[in-house]
Amino acid sequence: MFGQSEQQSLEIVTEVMSNNVQVPFSFGDAYISEVENTLKAFRSDTAVLSACLFDEEGKVFAAFHKDTANYFLPTQMPPQTAERIYSYSKNDTLHTFCHFIADSKPGYFYIQKKSAKNNVLLNLVATTLIVVLISLVLGILSALFLQQAISTPISSLIDTMQNVAKQQDYATRVTESGDIELRTLSQVFNDMLLQIEKRDASLQEIKHQLEERVEERTKELQDKTQALQLSNNELQQFAYIASHDMQEPLRIIGSFSQILAKRYQNTLDNEMKEYISFIVDAVGRMQTLIKDLLSFSRVGTAKMQIKPVVLSNLLLKCTSNLRFAIEECNAQINYADTLPVINADETKTLQLFQNLLSNAIKFRKDTIKPIINISIQEEPTEWLFTISDNGIGIEKDYSEKIFMIFQRLSTAYSGTGIGLAICKKVVELHGGRIWFESEKDKGSTFYFTYKKDF
Ligand code: ADP
């Protein structure tokens with residue numbers, strides 16, 4: 001019968017072969033012919049009668065056999081209790097099974113071999129060579145299979161992902177191929193692309209609608225601004241012409257009232273004379289109001305004349321214009337000897353300083369000498385001007401109000417409430433802001449800025 005070594009060597013061959021055929025077996029029927037071709041290598045081993053790959057129920061997956069009378073395939077798989085490698089001999093023939101589980105699919109690899117007592121060594125060498133050859137072929141087959149089944153679909157998936165990321169083309173789809181996991185992965189990716197495509201489309205729609213709405217609103221705004229600008233210009237023009245034309249009748253009322261008072265000074269009683277002086281006073285106030293209104297409307301209508309302004313010269317002119325008011329109360333006005341030269345409209349800037357300085361003098365305290373400090377500071381994008389006084393101060397509640405036209409906090413002082421409105425307009429025309437800090441009875445500090453790059 002069979003020697004121990006002959007049985008062992010066949011068991012080794014069976015086990016090695018079973019390891020090699022497991023991958024194609026697990027991939028299914030499409031790989032039957034590859035396994036069959038591989039098994040044909042046993043042709044050169046005269047002792048091997050047949051070799052076969054069974055599934056667990058004993059159904060043949062792939063088989064090889066020599067066309068001899070001794071050939072038959074077992075109809076029964078080894079008993080449940082058998083070892084993984086199971087052999088038995090019958091009629092001078094050795095049968096060996098190797099049980100395996102490939103990717104959770106159980107199966108048997110089986111070899112049937114007749115006794116070869118006389119040339120054991122030769123058979124062993126031949127069988128080993130066959131096994132090596134078969135292993136090689138199967139290895140190449142498995143690699144090819146893996147490439148086709150796994151690498152190709154994965155690299156196609158990666159290519160598509162990169163394309164989507166680069167070109168943001170969410171209409172692209174991955175071809176669904178490969179095994180079930182890869183196909184599921186491709187499906188999930190395609191579903192995700194579909195979702196993004198839908199969301200992208202609705203975002204585009206919303207963006208389009210928003211753009212249209214912004215365009216409409218911008219147009220409306222432009223139309224309104226234009227209409228506003230037009231009516232503003234007309235209003236300024238009207239204010240200018242009206243106030244200008246009112247001066248003449250006012251001048252006539254004033255002068256004829258004075259003529260009346262003079263001519264009938266002996267006939268008029270005191271009450272009449274008082275009435276006439278009321279008329280003359282009112283006319284005077286009206287004339288001042290009209291003069292101020294005219295300068296307010298002129299600030300807005302006159303074109304800006306930007307040129308380098310030597311601030312020390314401008315302040316000199318300003319204090320000279322206010323010399324009577326300054327001398328009357330012996331006011332002290334302090335500022336540095338050297339002041340910068342700035343780009344500005346000289347006439348408007350002179351008017352601005354004059355208004356602020358005359359207010360600082362007008363709203364002085366009777367008990368102390370008025371001291372006014374002027375300073376100019378260079379900031380990165382603007383000039384910061386500060387004018388502080390030691391006058392009567394302003395209550396906090398009026399911070400915004402006093403820059404509005406006709407806003408006066410007390411009638412105890414002369415004025416029309418137009419000066420600071422003019423200041424605000426001049427500052428804004430120079431791209432700046434104006435504000436103040438003050439406390440009642442503790443003096444006021446007015447700040448304003450001019451944009452540097454005019
Ligand atoms: P007007 O001087 O003709 O009254 P302005 O517009 O120049 O008008 O000023 C508005 C009001 O702001 C003034 O009536 C006064 O109450 C207040 N004001 C302005 N400057 C000062 C100041 N330096 N100190 C105190 N109050 C001031």
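This is a predicted model: local features need pLDDT of at least 70, side-chain atom pairs count only at pLDDT 80 or more; totals for chains, interfaces and linings use all residues.
On the way to the next strand, β4 covers residues 93-102 and β5 covers residues 105-114. These strands are also antiparallel, with ten bridges between them. Within this pairing, histidine 99 faces tyrosine 108 of β5.

## The antiparallel sheet

Both pairings belong to an open sheet with five strands, ordered β2-β1-β5-β4-β3 and paired antiparallel. Which strands stand at the edges? They are β2 (60-65) and β3 (85-90). Each of these has a single partner strand, so one of its sides has no neighbour in the sheet. From one strand to the next, the twist averages 10°.

In general, side chains along a regular strand alternate between the two faces of the sheet.

## Helices on the antiparallel sheet

Helix α1, residues 4-27, lies across β1 (48-55), β2, β3, β4 and β5. Its direction is at about 35° to β4. Helix α2, residues 32-39, packs on the sheet as well and touches β1, β2 and β5. The angle between the directions of α2 and β2 is about 25°.

## The mixed sheet

Another open sheet has five strands in the order β7-β9-β10-β12-β11, and its pairing is mixed. At its edges are β7 (332-334) and β11 (434-438), each of which pairs on one side only. The average twist between one strand and the next is 15°.

Inside this order, β9 (residues 371-378) and β10 (residues 382-388) run antiparallel and are joined by six bridges. Isoleucine 374 is placed opposite isoleucine 387 of β10. Helix α8, residues 346-362, lies across β9, β10 and β12 (444-451). The helix α8 runs at about 175° to β12.

## The ligand site

How many residues are around the ligand, and which come nearest? There are 20 residues around the ligand, and those that come nearest are Asn359, Asp389, Thr416, Gly417 and Leu420.

Lysine 362 places a polar side-chain atom 3.0 Å from a ligand oxygen. For threonine 416, the atom concerned is a backbone N or O, and the distance to a ligand oxygen is 3.0 Å. A polar backbone atom of leucine 420 is 2.8 Å from an oxygen of the ligand. On its own the ligand has 530 Å² of accessible area, and the protein covers 96% of that area.

## The chain as a whole

The protein chain contains nine helices and twelve strands. Its radius of gyration is 55 Å, whereas a compact globule of 454 residues would have a value near 22 Å. Along the principal axes, the C-alpha atoms of the chain fill a box of roughly 170 × 45 × 40 Å.

Definitions and conventions. Residues are numbered from 1 along each chain as its sequence is written. Side-chain values use heavy atoms; hydrogens and water are left out. Two strands pair if DSSP finds at least two bridges between them. Helices (H or I, at least four residues) and strands (E, at least two) are DSSP runs, numbered from the N terminus. Axes are lines fitted to C-alpha atoms, for helices over the stretch in contact, and angles run from 0 to 180 degrees between N-to-C directions. Contact means heavy atoms within 4.5 Å. A residue is near a molecule or strand if one of its heavy atoms lies within 4 Å of it. A polar contact is a pair of N or O atoms within 3.5 Å; within protein, one must be able to donate a hydrogen and the other to accept it, and residues adjacent in sequence count only if both atoms are side-chain atoms. Accessible areas come from the Shrake-Rupley method with a 1.4 Å probe; for residues, only the protein chains shown count as cover. The radius of gyration is taken over C-alpha atoms; the globule rule is 2.2 Å times the number of residues to the power 0.38.
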